[in-house]
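Dear colleague,

Please find below the structure for your review. My findings follow directly after it.

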Amino acid sequence: MAKKLGNQTIKFDLPPSIVSTASTVGPKEGKGPLSSYFDVVLHDPLWGEDSWEKAESKMVKKTIERVIEKGNLTPEDIDYIFAGDLLNQLTASTFGIRGLAVPFFGLFGACSTMAEAITLGAMAIDGGFANYIVAEASSHFCSSEKQFRFPLELGTQRPLTASWTVTGSGAVILGKFGPSPYVTYATTGKIVDLGIKDPMNMGAAMAPAAADTIITHFEDTGFLPSDYDLIITGDLGSVGRELLLELLRKHNYDIENIYTDCGIEIFDSVTQDTHAGGSGCGCCAVTLAGYLYKEMKNNKWNRILFVPTGALMSPGSTQQGESIPGIAHAVTIENNWA
Amino acid sequence: MNQIQNMKKEYSQMVTRVSPKSNLLRDCARAFWVGGLICTIGQLITNIIKSFGYNQDEASMLTTIILVFLGILLTGLDIYDSIGKYAGAGSIVPITGFANSIVSPAIEYKKEGYIFGVGAKMFTIAGPVLVYGTIASVIVGIIHYLFK
């Protein structure tokens, strides 16, 4: 039986293996520093479709098909798909998955969705309810701008604290048995809201949730920052990074030399004009499926803490003057487990 | 309760300290010259039209139509958003910016059809300007009528 540690952490008895990963990204991500790690780089953000939403659904479908193929499996082998995106009613995921005929759990955790999917998938496997699951998350710059911000052609300025939604879909297959790396621990985050109302500064809104989850992870497991080769948050960006490090220092945790953020890694903020960094469900999903997975296979890191972060607001809640609830889930991924 | 309020206050100060600020002087300078240029082009158009014998009212109306057309054209050609990114209010405030604010949602929502897409969403950004602009003009008109 999987053991619960402390208040929020699970230690998997039989840690699920990450059997395969797949990633699809848009043209801008394909020009970024992580370009060589991605399986498919699109040249056209519409990908031959006639709307952004359909293009995102196509990314979801193709990425899931690819991850199944890369795992030498068939859709019949997959017990569940755990997936989500940023669009209303999970449009991108549901319409992408509808033709696959695989049982599906739709998840919304804003940009933390990938960790939510991996945690629930790993629980299903360790609990004996599944042999293989797909965890997937996606976002699309254009569909997100349309839903959350302004029309693309509107002549506005983005503040320097704003992030750039990643166009991409990342998927992993977790299996009961398989090669390294393995998902060994999961710390599920609480909603933390310190009153930030600016949707153009989501790093600031999510940093307290990330700090809370990371501190809880250390307290629940007894681990220290030195137990990790890398701690990587989802999409705090450059502003959230500073805030997270400062919040953790207040609790006597210094992770600066092993810490980075997927949103910082995926774009070159100087040449790509992305301001605070990348964001969106796809940001950490493609970074995990591409960069983190492949470098763990190369043993660059053997033990990482993957902490996707989500800003759980809607355009309506912002207009009604609500502050932004943040959430972060942590997942330990390691090459060796005893 | 007070502790939470203090935490929020302290955090908000932290966020303000860490968040990068826009360069106000540079942004104002850019808005000034681009906004000024658009207005100068407008004046140029007016003068040219007047040289063909039209009076001031006719020339103003035709200038407005031409500037709105140019705003729409540059929006459709994917240029106006780049101007806006550079100039900020300099390209939002002139009437070309008003045209941009109507056409950009119209383009964005074309996929939802001409009724509930283009028709319904076209004024999501310009709508408030029209509503409060109209109300303001009525109020100014009443004041003018009473005190002329």
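In this predicted model, A:G155 counts as buried because 26 C-beta neighbours lie inside 10 Å, where 20 or more are required. A:G155 is located in the loop between α5 and β8 of chain A. Apart from neighbours within four places in sequence, the contacts of A:G155 are B:Y80, B:D81, B:I83, B:G84, B:K85, B:S91, B:I92, B:G97 and B:N100.

Chain A is assigned two domains, domain 1 (16–175) and domain 2 (182–334). Their centres, taken over C-alpha atoms, are separated by 18 Å. Contacts between them involve 51 residues of domain 1 and 49 residues of domain 2. On the side of domain 1 that touches domain 2, α4(A) supplies the largest share, seven residues. By class, that side of domain 1 has 25 nonpolar, 20 polar and six charged residues.

The largest nonpolar core has 110 residues, and A:I133 and A:L174 have the most contacts inside it. Helix α9 (residues 281–297) of chain A gives the most to this core, namely eleven residues. Because domain 1 and domain 2 of chain A both give residues to this core, it lies between them. Leaving aside neighbours within four places in sequence, A:I133 is in contact with A:L174 and also with A:I78, A:D79, A:Y80, A:F82, A:G121, A:A124 and A:I125. A second, separate core consists of six residues, among them B:F98, B:I102, B:A106 and B:Y109.

Yours sincerely

Key: Residues are numbered from 1 along each chain as its sequence is written. Chains are lettered from A and ligands numbered from 1 in the order in which they are written. This is a predicted model: local features need pLDDT of at least 70, side-chain atom pairs count only at pLDDT 80 or more; totals for chains, interfaces and linings use all residues. Domain bounds come from an automatic or database domain assignment. Two residues are in contact if their C-beta atoms, placed from the backbone, lie within 7 Å. Helices (H or I, at least four residues) and strands (E, at least two) are DSSP runs, numbered from the N terminus. Ala, Val, Leu, Ile, Met, Phe, Trp, Tyr, Cys and Pro count as nonpolar, Asp, Glu, Lys and Arg as charged, and the others, Gly among them, as polar. A residue is buried if 20 or more other C-beta atoms lie within 10 Å of its own, exposed if 12 or fewer, and partly exposed in between; C-beta atoms are placed from the backbone. A nonpolar core is a set of buried Ala, Val, Leu, Ile, Met, Phe, Trp, Tyr and Cys residues joined through C-beta atoms within 7 Å.
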